[in-house]
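Trainee: Could we go through this model together? I would like to begin with how its parts are named.

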Amino acid sequence: MGVSTEVPHETRRAVRRGGVIIDLKSKLLQNPDSHPRHNPTSRAERAKAKLKLDVVDTPGLATKIDFHEFMAYGLEEEEAKRRAKEATEGVIDAIKWLDDIDGVVLVMDSTEDPYTQTNIVLIGNMEARGTTVIIAANKVDLPDATPQRIMNAFPQHPVIPISALKGENMEALYEEMAKRFG
Amino acid sequence: MDLISEDRISSMGSMEKLRFVLEGVKSGNIVVLEGGLTSEEQMKLIELTMTEVDEEFPGIEMTGYPTKRGFLNMRRKTRLTVIGPAKIMRTMKKEKDLISALISAV
């Protein structure tokens, strides 16, 4: 839903899209043997195969925002300062949205250390609220991606390795969303 | 570095505690809280920090030991939390029972 670039904090405003439908049902009916967990004869699974969601794409959380970081990507000083200000507002916006959601798909970079304090704080908060968390271990198309490290760090939550860039394994993520959020 | 006893912060309200921490950090101190902050308080601290970020204060670095389950798993026991100014804290690394902070000269 948001724009993706190399510059940090590209998403600085939460974007909400209502009525997004995950429809796994038609696919499963066409190919009922494709996945044993989703046999269409199971009523419970059928009910979860189609899910309507309001999706909110929020800025990522951060404990620090330094305008100098933006300048390293070639932005002029004034533009960097403006972006930094917007990014701080984006983080506040993201935190406020946490009061109003039923489930979280937390996107983590599989090439980075998952034990960041923001990840730990966010997951701790969701657990305290009883909110469902699915972790999307992104960037598995990169050679140094280790989604297993994320699985080891947060074994209490489902972790789905994906590449958003290449569209790899997105079906598995949608299936997990339908199963957990349904 | 300010090493704050659990007794000192337990007498404070949640917001008072966070303001106390942030004022210390904005003054350039590393604040170590015995007893630590809950994940909810840490999230509030991030939110409060973002309202204070400017050209001179880019934010905080924070780490701590995870909460432990208390009596009958009913109450989460928070543990030590370390918070410092991002400007001087180059890295903070946490292993199982050890937190290391690398500080750069201002």
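Mentor: Helices and strands here are DSSP runs, helices of at least four residues and strands of at least two, numbered from the N terminus. Please keep in mind that this is a predicted model.

Trainee: Understood. How many helices and strands are there in chain A?

Mentor: Chain A contains 7 helices and 5 strands. Along the sequence their pattern is β-α-α-β-α-α-β-α-β-α-β-α.

Trainee: And what percentage of the residues of chain A count as buried?

Mentor: Chain A has 182 residues, of which 38% count as buried. Among its contacts with a separation of 6 or more, 72% are between residues 24 or more positions apart.

Trainee: What is A:Ile65 in contact with, leaving aside its neighbours within four places in sequence?

Mentor: In chain A, the contacts of A:Ile65 are A:His9, A:Phe70, A:Ala84, A:Ala87, A:Thr88 and A:Val91. From chain B, A:Ile65 is in contact with B:Met50, B:Val53 and B:Pro58.

Trainee: How do the axes of H4(A) and helix H3 of chain B cross?

Mentor: The axes of H4(A) and H3(B), the latter being residues 39–52, come within 9 Å and cross at roughly 150°. Angles over 145 degrees count as roughly antiparallel, and H4(A) and H3(B) are therefore roughly antiparallel to each other. Their crossing is left-handed.

Trainee: Which residues make that contact between H4(A) and H3(B)?

Mentor: H4(A) contributes A:Thr88, A:Val91, A:Ile92, A:Ile95 and A:Lys96, and H3(B) contributes B:Met43, B:Ile46, B:Glu47, B:Met50 and B:Thr51. By class, the contact has 6 nonpolar, 2 polar and 2 charged residues.

Trainee: Staying with chain B, is B:Thr63 buried or exposed?

Mentor: B:Thr63 has a relative accessible area of 6% and buried means under 20%, so B:Thr63 is buried. This residue is found in strand E3 of chain B, residues 60–64. Not counting residues up to four places away in sequence, B:Thr63 touches A:Gln117, B:Leu80, B:Thr81, B:Val82, B:Met92, B:Lys94 and B:Ile99. The C-alpha atoms of B:Thr63 and B:Val32 are separated by 9.8 Å, with the two residues 31 apart along the chain.

Trainee: And where is A:Asn119?

Mentor: A:Asn119 is in helix H5 of chain A, residues 117–129. A:Asn119 counts as buried at 13% relative accessibility. Leaving aside neighbours within four places in sequence, A:Asn119 is in contact with A:Met108, A:Pro114 and A:Phe154.

Trainee: A change of topic: what is the phi of A:Lys139?

Mentor: A:Lys139 has a positive phi of about 70°, although A:Lys139 is not a glycine. Most residues other than glycine have a negative phi. A:Lys139 lies in the loop between strand E4 (132–138) and helix H6 (147–153) of chain A, and is partly exposed, with a relative accessible area of 34%.

Trainee: What about A:Asn169, and where is that residue placed?

Mentor: A:Asn169 also has a positive phi, near 65°. The place of A:Asn169 is in the loop between strand E5 (159–161) and helix H7 (170–181) of chain A. At 39% relative accessibility, A:Asn169 counts as partly exposed.

Key:
Residues numbered from 1 in each chain as written. Chains lettered and ligands numbered in written order. Predicted model: local features only at pLDDT ≥ 70, side-chain atom pairs only at ≥ 80, totals over all residues. Heavy atoms only, no water. Contact = heavy atoms within 4.5 Å. Axes fitted to C-alpha atoms, helices over the stretch in contact; angles between N-to-C directions. Parallel < 35°, antiparallel > 145°, perpendicular 65-115°, else oblique. Left-handed = near helix turned anticlockwise from the far one by under 90°. Nonpolar A, V, L, I, M, F, W, Y, C, P; charged D, E, K, R; others polar. Buried < 20%, exposed > 50% of the residue type's maximum accessible area, 1.4 Å probe, protein only.
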